[in-house]
Structures are given as C-alpha cells and as structure tokens.
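Open the model in your viewer and keep the selection panel at hand. We will go from one stop to the next, and at each one you will find something to select.

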Amino acid sequence: MSSHAPLLQFALLSGFVLAITLAMLIAACERPLRRLLVRQAPKQRARLIWWLLVTPALAGIGYMVVTIAMPSVLHDSAKFAAACSAHSDSLWHLCVWHPSENGEVTWLWAVLALLMGYAAWLVARAARSVWRVRQTLVTMLRLSRRSGHADNRLHVVDVEQPLAFACGIGRGHVVLSQSLLDRLDAMQLRVVLAHEQAHLKHRDVFWRLIAVILSGIHLPGVRRRLLRDQELALEQRCDFVAAAAVGCPVIVAEAIVAVEKIFRHHAIQRMPLSMAFLSDFVPERVQALLSPDRESTSHLGSLLGFAVVMFCSLSAGWLHHFTESLIALLAW
Amino acid sequence: MPGFKTLKNLDVPPLGDLEIAVLEDIWRHESSDAKTVHARVGRLRSISLNTVQSTLERLFRKGLLQREKVSHAYEYSSAVSRQELMSRLVESAVRRVAGPQPDALLSAFVEIAARADDDQLRRLEELIARRRAKIDETDL
C-alpha cells in the first residue's frame, strides 16, 4: 500500500456524504415520521427519536471507520485482494469501498480539514460550556444540604425560586428548593421525586447530551423539533413511572397542575444539563395521563432500524460511485 | 484593591470543598480572622494555617468575602448570604443559556417556557376533576 492518504480522504468524504444524505432523508420524511411517532407510547417514542437524532452522525462515523479499517483488517486476505484487483497495485481495500485511482485531491484536503476543524471547534465549545455549567451545578450541590430522605441523591437548596430537577450524567442528583418543598403536600412531593428519580434511572441527561451533540448534522429546524419531541417523550415517560409509583395517573396530573401554579409566579427559565419536573408541556402531559392506556405493540422501531441498515448497505455501491465521481470531478 | 472582584455582573466562580467549608464557617460566625477559622475548620482537616489563609484570600478575590484590617490581621466577613449565593448560582447557570447569545448546545436543554395560560390551566383542572369523579364513581 503506497499511501493511506487517498483512502482517508475517500473515507472522510463518503462518511460525510452518507451523514448528510440520511439527515436530508429524515428531513424529507419528518412530517409522516412525527405523525407515526405521536401514536407511540412515550418510552418507545423517546427511544425512536433518539435514534433519529443520532443515526446520520453515527452512520457517517461508522462508514468512515469501516472504510478505513476494513482494508487493514483484511490486508492479508488474498480473497479480498483479488476482489479489488483493479486497484490492488496501489491500495488494499474492499472493492465496494475502493477509493479513486486518481488518488487524493490536494485542495479537497483543505476543505475536509476546514470541515473537521469546524466540527472540532463546535465540540470544544460545547465541552467548555458543559464543563462550566457542570462546575456551577457541582458548587450548587456542595452548598446544598441532604434532605434526610432515604434517597441520598436528594439535595435541598435554599433559594426563593421553586426548583425541581435531576442533574448529572453519572449517578445523578435530584435538586429541590426549600421553597418548593414547603408548598408541596406529601403526595405531590412523592410524585415529583418519583418523576425525577425516573430521569436518573434512565440517565436521561446523559443520553440527551449525546443526542444534542450528534444531532448537529440535522437541519436546524428539524433538529429543534425532534429535540423538543424527545423532551416531551422523556417527560411523559417519567410521568407514567411516577403514576405507577403512586398508583394513579390522575394524582400525577394533579401534581403537574399544582406545581405549574407554583412555578408560574416565579422565574420561568430551566436549568441546563438537567431535566426539570416542570416543562412547557403541561397540557400535553396532563392529557396523556388522563387518556386511556396505550400499550404499544408497534414494530415501528424495528422497521425504521431495518430501513436504515438496508439503506446504508444498499448505498455502499452508490455512495462509492458518487464519492469517486465527486473526487474525480474535483480533481478535473 | 488589586485582584478584588465584586460578585455583581460575574458568573459565580466554582468553589472547592475547603472553600465551601470556610464560607460556611464565616456564615455561621459572621466574622473571623484566619487563626480563628483555622482553629474551627483547619485543625479538623489537619491543614495548616497558611492553607486556610490562602483559602480566605481566594474567597475574598472571588468576591464572596470582604475583609477589614484589625490590628495586624484581616477580619473576614461574608459579602453574600448563603441564599443570595445560591440564587446567583441558579441565575448564573440559566444566564448561559437564556442570555442574549445563548449557547447552541445548552439551548437544547432549555426552552423559555411558554406557560399554559389561565384558561388552559382551568380547562386542565376541569378535565382532572371529571376524571377524578369518574374514578370515584367506579370505586363506589
């Protein structure tokens, strides 16, 4: 193998093209997809939306890795080497993913470097922001006091604003403000705690952080709507967990309205890196709790997953030709 | 005073365990010099007077303590109450996402809540009441 550079260039470009293509496909199918998703149970909906958010980026990265790793993994395989005899004198690779014979395009490297640099800058900026907010939350937790509740992850903070949120991407913590504690009755407090503990149990903050980072490839409007749908699904899922804990969804609906009444007289912003009990989905959450049970037996997730895998597999050849043509065109 | 900051208009700086212990001590006792704080906080943690002094200095520079020279030593007192500091921590975290240039990543975690209006809330309460009545009927 004379050089890895053309293969790397091909891998980066094809991965990027695949990610963009999938993002565009999701954007084109957004309306019907969201209509189908609304009919799903919150748990399944949350999972499906998460996959919709991350699939383009994951598929692109996966494709890049496979394109780069496969030839080296199969380096000594005569079978595969024979399969790509057209280029075996210059590069070892699987035929369906072979890079252009024209080799690399110098200025395309500059474009790819620019794209990679931009992505790295976005990630670094995001990491810095997350780190700073984390520091603030850590300081808040250090200044909080333990509630004496059986769950030692429960912290109480002395602030006038009513607060109730789950935070942390590891084991996590639930933070409640004393002012909210003073205004909730025992049953409402049970609901709030069960809801927040459900967020911790499912590591919602962590998975949402991943979704937010990897969904950067989507069109801004599609991304915003999907993230919003995901947030609603997560809140509704935790409402149903709380309903199971207290034994009645109506009690949870009552607690949501009661907490909304407390919150509406105070600052209405929510904490970052956290999942707050109060969100701006009060009507949707209450109505979901009061509607008849929806036990979903849908195979939508499996179908969508199968469709994505099929698309990626079938597009290997197409993507290969397209990327080769693109490189050839740019080199021309 | 060089290096001195007021907490106003600044994000609340991160605080370590010792800094919080010292701050809590000052909140409890209103004002103290380094030796007194060391006697109460430092000895328990087996740390030197110098460490306590530099912690007090750091808290002063972060704008969380104020100080006054009494004889040869500084007398430290709190510049913000516990509740005020906590409120500022909440504001500080929220401002990063709800400010004039909200961070793109963190904005995804935060929506300025479009609250349910009074009518909507009333309708929801009626809905809940109807459902509650239905459940009560069934139970009877």
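Throughout this tour, two residues are in contact, or touch, if their C-beta atoms, placed from the backbone, lie within 7 Å. This is a predicted model, in which local features need pLDDT of at least 70 and side-chain atom pairs count only at pLDDT 80 or more, while totals for chains, interfaces and linings use all residues. Residues are numbered from 1 along each chain as its sequence is written, and chains are lettered from A, and ligands numbered from 1, in the order in which they are written.

**Stop 1: B:Leu56**

Select B:Leu56 first. Leaving aside residues up to four places away in sequence, B:Leu56 touches B:Val22, B:Ala34, B:Val37, B:Leu65 and B:Tyr76.

**Stop 2: the sheet of chain B**

Now show chain B as a cartoon. Helices (H or I, at least four residues) and strands (E, at least two) are DSSP runs, numbered from the N terminus. Three strands make an open antiparallel sheet in the order E1-E3-E2; strands pair if DSSP finds at least two bridges between them. At the edges, pairing on one side only, are E1 (31-33) and E2 (65-70) of chain B. Neighbouring strands are turned by 30° against each other on average, direction ignored.

Zoom in on E2(B) and E3(B) (residues 73-78), which pair over 6 bridges. Which residue of E3(B) is the bridge partner of B:Lys69? Select B:Tyr74 to see that partner.

**Stop 3: two domains in chain A**

Colour chain A by domain: domain 1 is 1-104 + 299-332 and domain 2 is 120-296, with bounds from an automatic or database domain assignment. Here 23 residues of domain 1 are in contact with 20 residues of domain 2. On the domain 1 side, H1 (5-28), H2 (30-38) and H3 (42-73) of chain A each supply at least two residues, and H3(A) gives the largest share, 13 residues.

**Stop 4: the largest nonpolar core**

Finally, select A:Ile49, A:Leu163, A:Val252, A:Ile256, B:Val22 and B:Leu56, which touch the most other members of the 90-residue largest nonpolar core. Such a core is a set of buried Ala, Val, Leu, Ile, Met, Phe, Trp, Tyr and Cys residues joined through C-beta atoms within 7 Å; buried means that 20 or more other C-beta atoms lie within 10 Å of a residue's own. H3(A) provides the largest share of this core, 11 residues. Because both domains of chain A give residues to this core, it lies between them.

How values were computed: Axes fitted to C-alpha atoms, helices over the stretch in contact; angles between N-to-C directions. Buried ≥ 20, exposed ≤ 12 C-beta atoms within 10 Å, placed from the backbone.
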